[in-house]
Amino acid sequence: MIERMEALTLSDFQQMEALERTCYDAAYIAPAAEAYDWYRYEPRSSAALSEDGRLIGFVNLFPVREDVFLRLLSGAYNDSEMTVRDLAPAGAAVERLFLSCIAVAEPYRGQGVSGRLLRMAAAQYCAAPDARIVTDNVTDAGRRLSERCGLSFRCESDHGSWIYAGGWHGFVQALERL
């Protein structure tokens, strides 16, 4: 049975890093210890699913500072270098979100796991009415997902990816159709 993973540990983030390596080029992957620091600062930022105690997929969705969001929109920010300082202050109104990563193990792709992960992650946030979201896509599958989620292409980044953005509430509504 596929289950939500609760109270993630550094070991879980090491498994996430290993899963990422099956999906993405190493240049786009943050070290597990850094990703775990993000999670400890902002526990809503990561959601993961497992089956029989084994990680099958995860998503990282972050509230970010305005300057980081603007750099993302312009394609001048590579999240593999993100630190806790780039996240919105704890307790601040959620106005700008960054869908950084979604990874699903090969046997589970095409089975609705991505949609479930995204809905789990989005449910963690009560965003402002005019909140916005940005994605930085390094694969064609990521681009297609961004488009299915109602996001619009903005630009190519300075690190070889494609930036999409849109309104948070439209994004959340689109998730219901995934």
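**Asking why: loop, rings, helix and core**

Me: What makes the link between the side chains of His 159 and Ser 161 a polar contact?
Reply: In this predicted model, the side chains of His 159 and Ser 161 are joined at 3.2 Å, and since the cut-off for such a pair of N or O atoms is within 3.5 Å, the link counts as a polar contact.

Me: Why does the link between Asp 158 and His 159 count as a polar contact, too?
Reply: Residues adjacent in sequence count only if both atoms are side-chain atoms, and here a distance of 2.9 Å joins the side chains of Asp 158 and His 159, so the pair qualifies under the limit of 3.5 Å.

Me: Is His 159 buried or exposed, and how do you know?
Reply: The relative accessibility of His 159 is 16%, and because buried means under 20%, His 159 counts as buried. His 159 sits in the loop between strand 6 and strand 7, and, not counting residues up to four places away in sequence, it touches Tyr 28, Gly 75, Tyr 77, Asn 78 and Asp 136.

Me: Is Asp 158 buried or exposed, and how do you know?
Reply: Asp 158 has a relative accessible area of 59%, and since exposed means over 50%, Asp 158 is exposed. Asp 158 is also found in the loop between strand 6 and strand 7, and, with neighbours within four places in sequence left aside, it is in contact with Gly 75, Ala 76 and Tyr 77. The C-alpha atoms of Asp 158 and Gly 75 are separated by 5.8 Å, although the two residues are 83 residues apart along the chain.

Me: Why is the pair of Trp 38 and Phe 62 called edge-to-face?
Reply: Among the seven aromatic pairs that the structure holds, the rings of Trp 38 and Phe 62 have centres 5.1 Å apart and planes at 85°; the centres are within 6.5 Å and the angle is over 60 degrees, so the pair is edge-to-face. Trp 38 belongs to helix 2 and Phe 62 to strand 3, so this pair ties together parts that are 24 residues apart in sequence. Both residues are buried.

Me: What makes the aromatic pair of Phe 153 and Tyr 164 edge-to-face?
Reply: Phe 153 and Tyr 164 are 5.6 Å apart centre to centre, with 70° between the planes, and because an angle over 60 degrees is required, the pair is edge-to-face. Phe 153 lies in strand 6 and Tyr 164 in strand 7, 11 residues apart. Phe 153, at 41% relative accessibility, falls between the limits of 20% and 50% and therefore counts as partly exposed, whereas Tyr 164, at 1%, is under 20% and therefore counts as buried.

Me: How do you know that the span of helix 1 agrees with its 12 residues?
Reply: At 1.5 Å a residue, helix 1 (residues 10-21) should span 16 Å, and its end C-alpha atoms are 17 Å apart, which agrees.

Me: What puts the buried residues of helix 1 on the same side?
Reply: Asp 12, Phe 13, Met 16, Glu 17, Leu 19 and Glu 20 are buried in helix 1. They cover an arc of only 160° around the axis, so they lie on the same side of helix 1. What covers these residues includes helix 2, strand 2, strand 3 and strand 4.

Me: Which residues touch the most other members of the largest nonpolar core?
Reply: Leu 118, Trp 168 and Phe 171 do so, in a core of 62 residues. Strand 4 gives the most to this core, with seven residues.

Methods. Residues numbered from 1 in each chain as written. Predicted model: local features only at pLDDT ≥ 70, side-chain atom pairs only at ≥ 80, totals over all residues. Heavy atoms only, no water. Phe/Tyr/Trp six-rings, centres within 6.5 Å; stacked < 30°, edge-to-face > 60°. Helix = DSSP H or I, 4+ residues; strand = E, 2+ residues; numbered from the N terminus. Buried < 20%, exposed > 50% of the residue type's maximum accessible area, 1.4 Å probe, protein only. Polar contact = N/O pair within 3.5 Å; in protein donor to acceptor, adjacent residues only side chain to side chain. Contact = heavy atoms within 4.5 Å. Expected span 1.5 Å × (residues − 1). Arc of directions from axis to C-beta. Core = buried A, V, L, I, M, F, W, Y, C linked by side-chain atoms within 4.5 Å.
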